[in-house]
Amino acid sequence: MSTLDRLDETNAPEKSIPLIEKSKAAFGRLPGLHSVLAGSPAAFEGYQVLHRLFAEETAFDADEKTVVWQAINVEHACHYCVPAHTGIAKMMKVDDAISDALRDETALPTAKLEALRTFTLAMVRERGNVSDETLQAFYDAGYEQRHVLEVILGLAQKVMSNYTNHIANTPVDPIMEKFTWTPVSER
């Protein structure tokens with residue numbers, strides 16, 4: 001059951017209107033998550049800023065961004081974000097083998113991407129209290145301190161969206177319904 005309203009430019013707080021317009025300009029529509037976040041201009045803007053920073057300013061390539069986003073989405077069992085990021089991965093030209101491995105929790109095509117997923121999941125599961133061995137394994141895979149901090153950035157963004165979607169039970173956007181996902185544990 002949805003417990004958070006979905007808003008648009010007709011009923012959102014005034015400070016959310018420019019953010020709604022920005023979303024519509026970027027996506028050609030108002031994504032369901034954004035319609036829920038519109039209930040708090042501060043949360044909506046915070047999410048948009050974190051998304052922009054992670055998507056445009058990190059050192060990760062498209063495959064790596066997808067690994068961080070989807071590893072977190074799958075771990076949090078986000079019914080909305082897994083399909084959304086499957087569609088986003090396709091738009092970013094990420095190989096379907098990567099998306100499928102993330103969605104199905106199977107091995108990724110490269111050891112480096114697997115190391116990124118392993119580290120990202122350790123950050124989620126251990127709430128940032130990763131061991132020296134976990135951190136060293138991440139570095140040994142070719143990542144640096146910058147990447148640690150950028151995983152944290154991606155995690156902050158995904159916590160906002162995943163938790164919002166859980167509480168709001170945000171319906172999957174029609175354009176992303178073809179990517180609907182069920183957790184492995186429920187198949």
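Lys112 sits over the face of Tyr143, 4.7 Å from the ring centre; a charge counts as over a ring if NZ of Lys or CZ of Arg is within 6 Å of the ring centre and within 35 degrees of the ring normal. The model is a predicted one, in which local features need pLDDT of at least 70 and side-chain atom pairs count only at pLDDT 80 or more, while totals for chains, interfaces and linings use all residues. Residues are numbered from 1 along each chain as its sequence is written, and side-chain values use heavy atoms, with hydrogens and water left out.

Tyr143 also takes part in an aromatic pair. The ring centres of Phe60 and Tyr143 are 6.3 Å apart with the planes at 65°, so this pair is edge-to-face. Here, rings of Phe, Tyr and Trp (its six-membered ring) pair if their centres lie within 6.5 Å, and planes under 30 degrees apart count as stacked, over 60 as edge-to-face and the rest as tilted. The pair joins distant parts of the chain, with Phe60 in the loop between α3 and α4 (62-75) and Tyr143 in the loop between α8 (132-140) and α9 (145-168), 83 residues apart. Helices are DSSP runs (H or I, at least four residues), numbered from the N terminus. Both Phe60 and Tyr143 are buried, that is, under 20% relative accessible area, with exposed meaning over 50% and partly exposed in between (1.4 Å probe, protein chains only).

The whole structure holds 5 aromatic pairs. One of them is tilted: Phe54 and Phe60, at 6.0 Å centre to centre and 45° between the planes. Phe54 is buried, like Phe60. One aromatic cluster brings together Phe54, Phe60, Trp69, Phe119, Phe138 and Tyr143.

Turning to open space, the largest pocket has a volume of about 460 Å³. A pocket is an open set of points on a 1 Å grid over the protein atoms alone, where a 1.4 Å probe fits, with protein on both sides within 12 Å along at least five of seven lines; lining residues have an atom within 4 Å of a point. Of the 20 lining residues, Ala26, Phe27, His34, His51 and Ile88 are the closest to the pocket centre. Two or more residues come from each of α1 (17-27), α3 (41-57) and α5 (81-91), and α3 gives the most, with 5.

Ala77, in the loop between α4 and α5, has a positive phi of about 50° although it is not a glycine. Asn169, in the segment after α9, likewise has a positive phi of about 50° without being a glycine.

How values were computed: Grid points are joined across faces, edges and corners, and a volume is the space filled by probe spheres set on the points.
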